[in-house]
Amino acid sequence: MITPESNNTADTTVRSPATARSILKRGAIVAGAATLSIGLMAGLADNFLNTHGAANAQPIQLSGLQQTQLPSFADVVDRVKPAVVSVRVKAKVVASADEESGPAGVEGLPPGHPLERFFRRFGEEGASPRGPQQQPRVQLSQGSGFFVSQDGYVVTNNHVVANAAEVQLVTDSGKTLSAKVIGTDPRTDLALLKVNESGNYPFVQLAAGKPRTGEWVLAVGNPFGLGGTVTAGIVSAQGRDIGSGPYDDFLQIDAAVNRGNSGGPTFNQKGEVVGVNTAIYSPSGGNVGIAFAIPAATVQSVVEQLKEHGSVARGFIGVQIQPVTAEVADAIGLKDAKGALIAEAQANGPAAKAGLKRGDTILAVNGEKIADARELSRKIATFAPGAKTSLTIWRDGKEREVSFEVGRQPAA
């Protein structure tokens, strides 16, 4: 018998016919067993798939949390997209000395603003060359907006229509409509327009409450003048202060938002408007996944006043305030670093007339506690001028109640 020395050497062993038949028989048995094994495994796999379904189609259980497939926004888009419009504006502006001597500040922020290199308003799509100093020139802007009533009222951003001489709206179907500015509110960067042509227009509703952080949202608008663009993301955070004004309370979203999306709506999965897109955080001016939207509650309040009066009247307390730090709280005997410290009460202002003075700390308004100075500004702004209001203040180591009449916020 010659035995091969390696697996690469041919088997040259000579065997008898009987031995050969025995080997073939054993080979057949082994092959049959292998076939049976393969069939058994296939049967088990088929039974597993029949029992559990396709792996990609089933939710995965992770410590009690269920991970499901991503949602489709197609049905929501079909419902809401006809109510979203592109806003085209011709505005007459006067070139200032600052513009002639160098680049202007980021849209919506003055030159030299500390947030200029990060926060960029994105409604302005382009402008004509600058004219001589102090000479009028025409500026072309593009943004977004949306119908909030059947008779043709449209919400957009103030910075989109600022100094507008002519406003045109382009619907999702391509129809161009002329519109007029009913009123603007620079402090919240909102504006209300009205279509000149009567008709029944598709419109959307403002959501009654804030979305939760982590909820899916859908932004629709006119980025880069392309029109009718839809992007999706989630609510990343609530109550953001980006330094644009005393009433900052923005939703932060990560849906792609760019120049031209200004004034466009952000929808929840029910097709309700949860916010109006107004700013992006971007060193380059393009989308990096951080955008800010004005909450629907703010939009509702402002739009109602603009529709009725053409302007917004806000409550005014007449004080300069600053945060209560841990050091300040310790110095004045407060247990927690909360409230708003009065740095100065304006002469003959509502607070001064009520006896408030420098060093007083406002802790609550009408019994509702105030977390910080920013919250105080927002809360007072919601009161109508002339309203009677009670403040809880901290003075000389103890709480006091002070009543005063809310004044009217001076025009922006």
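Is Y201 buried or exposed? Select Y201 in this predicted model: its relative accessibility is 10%, so Y201 counts as buried, the cut-off for that class being under 20%.

**Stop 1**

F147 belongs to strand β5, while Y201 is in the loop between β9 (190-195) and β10 (216-221). The two residues are 54 apart, and the pair links distant parts of the chain. F147 has a relative accessible area of 0% and is therefore buried.

**Stop 2: S149**

Now select S149, in the loop between β5 (136-147) and β6 (153-156). Leaving aside residues up to four places away in sequence, S149 touches Y201 and F203. Show the side chain of D151 as well: a polar contact of 2.5 Å joins it to the side chain of S149. With 10% relative accessibility, S149 counts as buried.

**Stop 3: Y153 and two lysines**

Another is K307, whose charged end sits over the ring of Y153, 4.6 Å from its centre.

**Stop 4: a second aromatic pair**

The structure holds 3 aromatic pairs. For another of them, select F250 and F292, an edge-to-face pair with 6.4 Å centre to centre and 65 degrees between the planes. F250 lies in strand β12 (residues 250-253) and F292 in strand β15 (residues 291-295), so the pair ties together parts that are 42 residues apart in sequence.

**Stop 5: the nonpolar cores**

Select V155, F267 and V299. These touch the most other members of the largest nonpolar core, which has 29 residues. Elements giving two or more residues to this core are α2 (74-80), β6, β9, β10, β14 (273-281), β15 and α5 (296-309). Which element gives the largest share? That is α5, with 5 residues.

Centre the view on V299 and show its contacts beyond four places in sequence: V155, L190, L206, V276 and I294. Apart from this core lies another, of 18 residues; to find it, select I342, L356, L391 and V402, which are among its members. In soluble globular proteins, nonpolar side chains tend to be buried together.

Definitions and conventions: Residues are numbered from 1 along each chain as its sequence is written. This is a predicted model: local features need pLDDT of at least 70, side-chain atom pairs count only at pLDDT 80 or more; totals for chains, interfaces and linings use all residues. Side-chain values use heavy atoms; hydrogens and water are left out. Helices (H or I, at least four residues) and strands (E, at least two) are DSSP runs, numbered from the N terminus. Buried means under 20% relative accessible area, exposed over 50%, partly exposed in between (1.4 Å probe, protein chains only). A polar contact is a pair of N or O atoms within 3.5 Å; within protein, one must be able to donate a hydrogen and the other to accept it, and residues adjacent in sequence count only if both atoms are side-chain atoms. Contact means heavy atoms within 4.5 Å. Rings of Phe, Tyr and Trp (its six-membered ring) pair if their centres lie within 6.5 Å; planes under 30 degrees apart count as stacked, over 60 as edge-to-face and the rest as tilted. A charge sits over a ring if NZ of Lys or CZ of Arg is within 6 Å of the ring centre and within 35 degrees of the ring normal. A nonpolar core is a set of buried Ala, Val, Leu, Ile, Met, Phe, Trp, Tyr and Cys residues joined through side-chain atoms within 4.5 Å.
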